[in-house]
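Subject: Structure for your review

Dear colleague,

Please find below the structure that I am handing over to you. My notes on what was found in it follow directly after.

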Amino acid sequence: MKFLILGSKGQLGNEFVKTFEKEKRDYLALSRQQLDVTNLDEVYKLVKDYKPNVIINCTAYNQVDRAEGEEFNQALKVNNTAVSNLAFICKEKNIFLIHYSTDYVFDGKKEGLYTEEDKPNPINKYGLSKYLGEEAVKNTLDKYLLFRVSWVYGDGKQNFLYKLSQWAEKNPYLKVACDEFSIPTSTRTIVEVTLKAIEKGLTGLYHLTNSEYASRYEWAKEYFKLKDIDKFIYPVYRSDFEQNFPAKRPKWSAMSNEKISKELNIEIPPWQEELKRSLL
């Protein structure tokens, strides 16, 4: 089986590359500098020449606040148009597509964990662009894997934990929201579960997260404890920050991983356990 990994320099793409190297899988991994995923002709030629069996799309525009303004068109190009192009190519070439979406497709008003049956209602333009990408996959392909993930962290700078470490170096104490909830999820968990889903031949939409949920404040406290960082974290309400951020965020976007866990007959570890494992 030949894999094509798109977005190889991002934290998720990088995790796939590390895993595939260890397992000696047959793959080609390209960064956005090496391949413009928004260019249909360029992507089509690559796929035609390489002939992959599976495309793993790790590319994403995830600058949530910038997407509210002048970069919304760029968010649409990467999160919707490029995904639509990939789906079109995969349909024509009979290639299996794996794509990743986000908990930000939800509005945060549910009292309970979001399931795959819940109707998306994004409250920011980033979430809208990702939801449109989901629809492009579902409306074009009969067989695919579409995973919604949340609060992703791994090797790289585009995650909350990296930013937290940077803030800790520059400030005497930190303020972190105690009323914004989701599920911290490691790139390692995402890759492990994705590969199990491929092996079992699963198709469709799944929520892929670690287990249990947390506020950003709880996540930050646990991270500093494990890293032995002596820095005071002051819990604040999210409304204290909202004037500084153009994009609205759902206060509650925790998703249930029950469906994928049952399908694969596995127990996905709680976020605390996985965070500790990832820092070893």
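The second largest pocket is lined by 18 residues, and those nearest its centre are Tyr-153, Gly-154, Asp-155, Ser-278 and Leu-279. Two or more lining residues come from each of helix H1 (11-23), helix H5 (160-170), helix H6 (187-200) and helix H9 (271-278). Of these, H5 provides the largest share of the lining, with three residues. Please bear in mind throughout that this is a predicted model.

The volume of this second largest pocket is about 370 Å³. Sorted by class, its lining consists of seven polar, six nonpolar and five charged residues.

Helix H6 also contains Thr-194. This threonine counts as buried because its relative accessibility is 0%, the cut-off for buried being under 20%. Which residues is Thr-194 in contact with, leaving aside its neighbours within four places in sequence? They are Phe-16, Ile-98, Tyr-100, Phe-147 and Leu-208.

The side chain of Thr-185 has polar contacts with two backbone oxygens: that of Ile-183 lies at 3.0 Å, and that of Ser-150 lies 3.2 Å from a polar side-chain atom. Not counting residues up to four places away in sequence, Thr-185 touches Ser-150, Trp-151, Val-152, Tyr-153, Ile-190, Leu-208, Thr-209 and Asn-210.

Finally, I turn to helix H4. Helix H4 covers residues 125-140, 16 residues in number. From its first C-alpha to its last, H4 reaches 23 Å, close to the 22 Å expected at 1.5 Å a residue. At its N-terminal end, H4 is capped by Asn-124, with a side-chain oxygen 3.3 Å from the backbone nitrogen of Tyr-126. Tyr-126 is itself buried, as are Gly-127, Ser-129, Lys-130, Tyr-131, Gly-133, Glu-134, Ala-136 and Val-137. In an α-helix, residues three or four places apart point the same way, because there are 3.6 residues a turn. What covers the buried residues of H4? The covering elements include helix H3 (72-93), strand S4 (96-102) and strand S5 (144-149).

With kind regards

Methods. Residues numbered from 1 in each chain as written. Predicted model: local features only at pLDDT ≥ 70, side-chain atom pairs only at ≥ 80, totals over all residues. Heavy atoms only, no water. 1 Å grid on protein atoms, 1.4 Å probe; cavity = no way out; pocket = protein on both sides within 12 Å on 5 of 7 lines; lining within 4 Å. Points joined across faces, edges and corners; volume = space filled by probe spheres on them. Helix = DSSP H or I, 4+ residues; strand = E, 2+ residues; numbered from the N terminus. Nonpolar A, V, L, I, M, F, W, Y, C, P; charged D, E, K, R; others polar. Expected span 1.5 Å × (residues − 1). Buried < 20%, exposed > 50% of the residue type's maximum accessible area, 1.4 Å probe, protein only. Contact = heavy atoms within 4.5 Å. Polar contact = N/O pair within 3.5 Å; in protein donor to acceptor, adjacent residues only side chain to side chain.
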